[in-house]
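User: I have a chain open here and would like to go through it piece by piece. Can we start with the terms?

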Amino acid sequence: MCSYLYAAFSLKGCGDEGLTTEQADAVERWRKSIMDVAIEEMGHLLIVANLTMAVGGRPHFARPNFPVSPGYFPAAVVVRLSGFCEQTLDHFIFLERPQGVEGEDADAFVEEAYCRSQARVGLMPAPQDYATIGHLYDAIRANIRALAGSLTEQGLFLSGTAGQLGADDIEMEGVDVIGDVATAMRGIDLVVEQGEGSPSDREDSHYRSFVAIKSELHELMAVDSAFAPAWSVVDDPVLRCPPEGSAACLIDDPAAIPLLDFACATYGLLLRTLTQCFGRTGSSARDDRSALLGVSFTLMHALAAAAGALAKCPAGASHPGLNAGMTFTMLRGVEPLLGGIVEQTIIRERLAGLADGSLKLAGHLSQNITTQLGSLARSFVLGQ
């Protein structure tokens with residue numbers, strides 16, 4: 001999802017330099033298409049969170065920061081941040097390809113092959129390799145069915161549906177509570193079908209969306225070889241000095257630094273408020289989820305505005321001719337906050353801090369963002 005958003009944020013907007021009316025219309029279609037994919041990926045994240053809760057876990061959105069070091073994913077699954085271009089589209093097409101469709105990743109995303117297979121079956125879980133996303137979810141399906149057979153459905157789905165995000169909480173296709181094998185399979189099927197299009201190769205799948213964008217890009221490039229639909233942004237930006245030998249690009253432009261800091265802090269609180277949506281019980285649970293989701297959506301809009309502005313800012317002296325980009329920097333942990341006055345106070349403090357920070361970014365962000373963040377900081381209440 002972050003990789004898709006980074007590419008979308010790098011696209012030029014209506015009225016930006018160098019685009020004809022036809023080109024600007026195409027770029028806007030591509031932006032919408034990629035954002036639609038990212039929104040569906042968010043839905044997939046929520047489906048997986050519900051499934052995690054159903055089998056006794058606690059949802060978390062922790063992951064390594066970009067660029068992701070080799071070994072975390074299979075060798076063929078490279079996850080990086082790169083601006084919109086043909087190579088990036090080829091990478092997205094490769095990642096979303098259906099099972100049985102051969103393909104090669106773009107040269108810029110190829111890493112040295114390695115194997116993560118488990119030496120022997122033991123008590124400790126270990127990473128397993130998979131060729132496609134469909135392959136990964138096939139293994140999850142098989143294990144759910146096997147565990148339901150050995151533990152019984154009641155023994156596997158021991159948490160019930162309480163505390164999950166359901167269709168009454170958020171209108172996203174496929175996002176509903178999971179409490180048995182049938183509902184788990186429905187959720188997994190949607191994740192796979194929206195992504196790669198299997199088993200019927202849906203025309204509206206992520207795979208087909210990226211193929212269509214690439215085809216239209218080729219058509220426009222054939223008419224105008226100088227067509228540049230996106231800002232030239234750095235790959236894998238970071239806000240802190242990367243380790244020696246890292247391919248990450250340090251953002252050191254004085255104007256970009258506070259904007260990137262604001263974007264990352266916004267992203268961090270967004271993950272936090274989404275995490276707090278799960279596991280809620282009691283009479284105020286639904287109202288609390290609604291309040292937290294409301295904050296999350298406001299933060300999403302603020303993040304999009306900051307990330308779009310970053311793509312127009314120079315990255316700094318270390319990267320002449322290139323612009324900055326959102327790093328999607330994670331905290332080391334986004335475990336749930338303690339409930340009650342603790343979570344309410346911390347979320348309000350963070351909202352107030354973001355509102356104050358946005359005041360210093362008037363040249364990049366609208367006053368409306370500051371107003372919305374400040375209003376939420378004063379009015380956000382849980383448990384009523």
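Analyst: Start with accessibility: a residue is called buried at under 20% relative accessible area, exposed at over 50%, and partly exposed in between. Also keep in mind that this is a predicted model.

User: How long is α11?

Analyst: Helix α11 covers residues 367–379, which is 13 residues. From first C-alpha to last it reaches 18 Å, close to the 18 Å expected at 1.5 Å a residue.

User: Let's zoom out. How many helices and strands are in the chain?

Analyst: There are eleven helices and two strands. From the N terminus on, the order is α-α-α-α-α-α-α-β-β-α-α-α-α.

User: What about the overall dimensions?

Analyst: The C-alpha trace spans about 60 × 55 × 45 Å along its principal axes. A compact globule with 384 residues would have a radius of gyration near 21 Å, and the chain has 21 Å, which agrees.

User: How much of the chain is buried?

Analyst: Of the 384 residues, 48% count as buried. As for contacts with a separation of 6 or more, 72% of them are between residues 24 or more positions apart.

User: Which of its residues are buried?

Analyst: In α7 the buried residues are H206, Y207, S209, F210, I213, L217 and L220. Seen down the axis of α7, they fall within an arc of 160°, so they line one face of the helix. E219, A222 and V223 are exposed on the other side of α7.

User: What covers the buried residues of α7?

Analyst: The cover includes α1 (2–10), α2 (21–54), α3 (86–96) and α6 (181–195).

User: New topic: aromatic rings. How many pairs are there?

Analyst: The structure holds seven aromatic pairs. One of them is Y4 with F92: the ring centres are 4.6 Å apart and the planes are at 80°, so this pair is edge-to-face. The pair links distant parts of the chain, with Y4 in helix α1 and F92 in helix α3, 88 residues apart.

User: Are those two buried or exposed?

Analyst: Y4 counts as buried at 6% relative accessibility, and F92 is buried with a relative accessible area of 2%. Ring pairs also link Y4, F92 and F210 into a cluster.

User: What about the pair of Y72 and F73?

Analyst: Their ring centres are 5.0 Å apart and their planes are at 85°, so that pair is edge-to-face. Y72 is partly exposed at 44%, and F73 counts as partly exposed at 22%.

User: Where do charges sit over rings?

Analyst: K12 lies over the face of W231, at 5.3 Å from the ring centre. R97 lies over the face of F94, at 4.0 Å from the ring centre.

User: Last topic, the backbone. Which peptide bond is cis?

Analyst: The bond from F66 to P67 is cis, with omega near -10°. P67 is in the loop between α2 and α3.

User: And where is phi positive?

Analyst: T152 has a phi near 75°, a positive value in a residue other than glycine. T152 lies in the loop between α4 (133–151) and α5 (153–156) and counts as partly exposed at 43% relative accessibility. D236 has a positive phi of about 50° although D236 is not a glycine. D236 lies in the loop between α7 and β1 (237–238), and D236 is buried, with a relative accessible area of 3%.

Conventions. Residues are numbered from 1 along each chain as its sequence is written. This is a predicted model: local features need pLDDT of at least 70, side-chain atom pairs count only at pLDDT 80 or more; totals for chains, interfaces and linings use all residues. Side-chain values use heavy atoms; hydrogens and water are left out. Buried means under 20% relative accessible area, exposed over 50%, partly exposed in between (1.4 Å probe, protein chains only). Helices (H or I, at least four residues) and strands (E, at least two) are DSSP runs, numbered from the N terminus. The arc is that of the directions from the helix axis to the C-beta atoms. Contact means heavy atoms within 4.5 Å. Rings of Phe, Tyr and Trp (its six-membered ring) pair if their centres lie within 6.5 Å; planes under 30 degrees apart count as stacked, over 60 as edge-to-face and the rest as tilted. A charge sits over a ring if NZ of Lys or CZ of Arg is within 6 Å of the ring centre and within 35 degrees of the ring normal. The expected span of a helix is 1.5 Å times one less than its number of residues. The radius of gyration is taken over C-alpha atoms; the globule rule is 2.2 Å times the number of residues to the power 0.38.
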